[in-house]
Amino acid sequence: MQRIATTVRLNRSTVQFEDAAYRRLEAYFAEGEQRLAGNPDRQEILDDLEQAVADQCARRLPPGQGVVTLAELVSALDEIGPVQVPGAAPAAERVSRDNTTRDTTRRLEQVSEGAVISGVCQGLARYFRLDVTLLRIVAVLLLLGTGGGMVLVYLAAMLLLPFAPQAPGGRPVRWLPARSREFVEFLRAKLHAVAS
Amino acid sequence: MIVESKLAPIRKGLLEFLVLKIVGCRSAYVPDILRRLSGTEFSTQEGTLYPLLSKLRREELVAYQWQESDAGPPRKYYSLTEAGRAQLAALDEYWSRINRTIADIGH
């Protein structure tokens, strides 16, 4: 026994695909969904693309044929092209960049840009993928609850955590974060001098 | 080939401008837009155009209307909104300025 075709609803059309073609179709949309993750118009774009696939396949079906073959689907998908999100790097480039950002986002660092004091909370928020406001509220509560003990913890974190490299074209670091950064760098230089 | 790849990011960035221009001329559905761009330096594909149009719609620069078609399901016809028209005029203006700068430099 062998399954011959799968019937698929593509937006407003119904299309039959050979088994191999169906798997290829699933892979195309799985990749598309992944690239559109977080895009507010994800569903709309996917619906549009489903319709595009249905239309392109219908155009390629020889008269009297009802089932789209793998070759026909591949040709249709080639014409439609991969899902490209505006403003994003092309697919091949993005893979390598994803790898590099994954490495840096998992490092525990302090982030000076947009910091209130030195960027410890921002660094923790980035590391644990939490909302920075939430962490700041917790930090303030701990400051009050520990009767100032939190100040020492924060100072220790300031001294110990490396600074994240600044994003090119990012906001300049001003006011207190800039001062605290200078202060930490000054202290580190002193400690280094003492140690050696 | 080298020249083409050097200006690839610029071509990519200009696609939005060109789509606004095409849609601004008269309302168009995606195959119309693709046909207009095919054979030019800006030839593109549905996989690129649909996400771009959705972005432009979210920015309220374009809007679409469903229109029945003789063959197949209804089609989305895109046109410029007021904001889209203003943006297109501004982009046109800026693009002319860039062209003048490029033409003037080195003379």
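Modeller: Contact means heavy atoms within 4.5 Å. In chain A, 53% of the contacts with a separation of 6 or more are between residues 24 or more positions apart. For chain B, 50% of the contacts between residues at least 6 apart in sequence join residues at least 24 apart. This is a predicted model: local features need pLDDT of at least 70, side-chain atom pairs count only at pLDDT 80 or more, and totals for chains, interfaces and linings use all residues. Residues are numbered from 1 along each chain as its sequence is written, chains are lettered from A and ligands numbered from 1 in the order in which they are written, and side-chain values use heavy atoms, with hydrogens and water left out.

Colleague: What makes up the secondary structure of chain A, and what of chain B?

Modeller: Helices are DSSP runs of H or I with at least four residues, strands are runs of E with at least two, and both are numbered from the N terminus. Chain A has eight helices and three strands, in the order β-β-α-α-β-α-α-α-α-α-α. Chain B has five helices and two strands, and its pattern along the sequence is α-α-α-α-β-β-α.

Colleague: Why is A157(A) called buried?

Modeller: Buried means under 20% relative accessible area, exposed over 50%, and partly exposed in between, with a 1.4 Å probe and protein chains only. A157(A) has 17% relative accessibility, so A157(A) counts as buried. C121(A), at 12%, is therefore buried too, and C57(A) is buried because its value is 0%. Over the chains, 34% of the 196 residues in chain A are buried, against 36% of the 107 residues of chain B.

Colleague: Where is A157(A) found, and with what is A157(A) in contact, leaving aside its neighbours within four places in sequence?

Modeller: A157(A) is in helix α7 of chain A, residues 149–160. With those neighbours left aside, A157(A) is in contact with Q110(A) and V120(A). From A157(A) to C121(A), 36 residues away in sequence, the C-alpha to C-alpha distance is 9.7 Å.

Colleague: What makes a group of residues a nonpolar core?

Modeller: The members must be buried Ala, Val, Leu, Ile, Met, Phe, Trp, Tyr or Cys residues, joined through side-chain atoms within 4.5 Å. The largest core here has 47 residues, and those with the most contacts inside it are L10(A), F17(A), V53(A), L73(A), V19(B) and I33(B). Helix α2 of chain B, residues 8–25, gives this core its largest share, eight residues. Another core lies apart from it, with seven residues, including V120(A), A157(A), L161(A) and V184(A).

Colleague: With what is L73(A) in contact, leaving aside its neighbours within four places in sequence?

Modeller: L73(A) is in contact with F17(A), A21(A), R24(A), L25(A), V53(A), C57(A) and V68(A).

Colleague: Why is the pair K76(B) and E44(A) called a salt bridge?

Modeller: The rule asks for a side-chain nitrogen of Lys or Arg within 4 Å of a carboxyl oxygen of Asp or Glu. The N to O distance between K76(B) and E44(A) is 3.6 Å, so the pair is a salt bridge. Across the interface of chain B and chain A, the rule finds five salt bridges.

Colleague: How many residues does the contact take from each chain, and what area is buried between them?

Modeller: Chain B gives 18 residues and chain A gives 24 residues. Buried area is the accessible area (1.4 Å probe) that two parts lose on being put together, summed over both. Here that area is about 1,700 Å², with 50% from carbon and sulfur atoms. Of the area chain B buries against chain A, Q45(B), E46(B) and P51(B) supply 28%, more than any other three residues.
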